[in-house]
Amino acid sequence: MNSGISKSSGSSKSSGSSKSAGIVKNIGVLGAGQLGRMLALAGYPLGNRFTFLDTTGNPSAGIGDVVIDPNNQHLAEFLDKVDVVTYEFEHLPVALVEQIEQHKPVYPGSRAIAVCQNRVEEKALFDRLGIPTPAYRVVESAEQLEAAANELGCPVVAKSVTEGYDGKGQAVLKVPEQAEEAWKSIGHRQLIVEAFVDFVREVSMIAVRGRDGDVVFYPMAENQHVDGILRYSVAPLPDLATSVQETADSYIRMLLDELDYVGVMALELFQTRDGSLLANEMAPRVHNSGHWTMDGAVTSQFENHLRAVQGLPLGSTQAIAPTCMVNVIGQEGDNAALLAIGNTHLHRYDKEERAGRKLAHVNVVADTHAELLEKVRACQALLPDAPSVAWSFERSL
């Protein structure tokens, strides 16, 4: 890599950097999108300063100091400005993260990125730790894909082993004969093929692990996806058995400890009719399904991530009240009308409208889940093309 930097110890500090009562002043973020933006907004009250390294050439954070470096020519400049490094998305060159680790502390570490970038490695880690997953096969041709579809029983979902997120790099096979078409449409050399799960709901866990190994867990959230993109997350869940939450806590703790992880991790799961949980995938970063914590928990996922990477005590993850995160996708709605709904909070990302693009989210807070559902449906009516709201516990309200 042509970075123009010399090797030094991982404890090196930038010139002029300072610490006060354990707080690291200068934080580097790999990536410059809305997650990095929200990290910065959570960190400014702690006295943090932020420098973003954008490797895409299209930063959208609109905050802090941004080093645009698609050709890896300005890494030394970035490193000179920061004391510790984190990241807002996992689709980074692992070699780049490993290189940065030679000069500055990086949390979470490169091993977490390497695992999460590769679905085969991720499944192998789940298997090794005894975390149950949907039945799956790894295939390397259209013929193997058809055989796996026959073996697992259709419908199945085929996913690219790398580079897949927000529904990209995926295809559903309703019959094995669709294998050739699916193989060509995904266009990767290796795929994961998963059996469909008869699930009650899609859920996710957000947990935080500090430098000292301390772990705190947020209440489980229920998620509603459309075309692979998250549209709604609600927490806490009124009908969630304590044993199910504890099982999810144990799964994510195993992952955090195995990876010697520091920071926020998300684990997406399916909850089946018998109450068991099957792991879908994990994300080594702050996560869309944890945005509800910004207004619905004592400490947001963003503040807790920053506390973790700085070695500070972790904050309370207790939910304040029933909260739903509503994603704003593609086109913004009537923002004034949204804000007129009581205890509703709009978080815009300063992005131009574009089909399928995450532009903002709305956090709706209420005293009861019934009131929450009513208010979320009012929000949905104000957002163009927003899907109808469907929660597994609606009948119990």
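With which residue does Lys-184 form a salt bridge, and how far apart are the closest N and O atoms? The partner is Glu-180, and the closest N and O atoms are 3.8 Å apart, where a salt bridge is taken as a side-chain nitrogen of Lys or Arg within 4 Å of a carboxyl oxygen of Asp or Glu. This is a predicted model, in which local features need pLDDT of at least 70 and side-chain atom pairs count only at pLDDT 80 or more, while totals for chains, interfaces and linings use all residues. Residues are numbered from 1 along each chain as its sequence is written, and side-chain values use heavy atoms, with hydrogens and water left out.

**Salt bridges within helices**

- A search of the whole structure finds 19 salt bridges, and the pair Lys-184 and Glu-180 is one that forms within helix H7 (residues 179–186), where the two are four residues apart and thus separated by about one helical turn; helices (H or I, at least four residues) and strands (E, at least two) are DSSP runs, numbered from the N terminus.
- Lys-184 is exposed at a relative accessible area of 61%, whereas Glu-180 is partly exposed at 38%, given that buried means under 20% relative accessible area, exposed over 50% and partly exposed in between (1.4 Å probe, protein chains only).
- Lys-375 forms a salt bridge with Glu-371, with 3.8 Å between the closest N and O atoms, and these two residues are four apart in helix H12 (residues 369–381), about one helical turn.
- Lys-375 counts as buried at 11% relative accessibility, while Glu-371 counts as partly exposed at 30%.

- The side chains of Arg-348 and Glu-332 meet in a salt bridge at 3.0 Å, N to O.
- Because Arg-348 lies in strand S18 (residues 344–348) and Glu-332 in the loop between strand S17 (323–329) and helix H11 (335–340), the pair ties together parts that are 16 residues apart in sequence.
- Arg-348 is partly exposed at 47% relative accessibility, whereas Glu-332 is buried at 14%.

**Cysteines**

- The count of disulfides comes to zero, a disulfide being a pair of cysteine sulfur atoms within 2.5 Å.
- For the sulfur of Cys-379, the closest cysteine sulfur is that of Cys-324, 8.3 Å away and therefore too far for a bond.
- Cys-379 counts as buried at 0% relative accessibility, and Cys-116 also counts as buried, at 11%.
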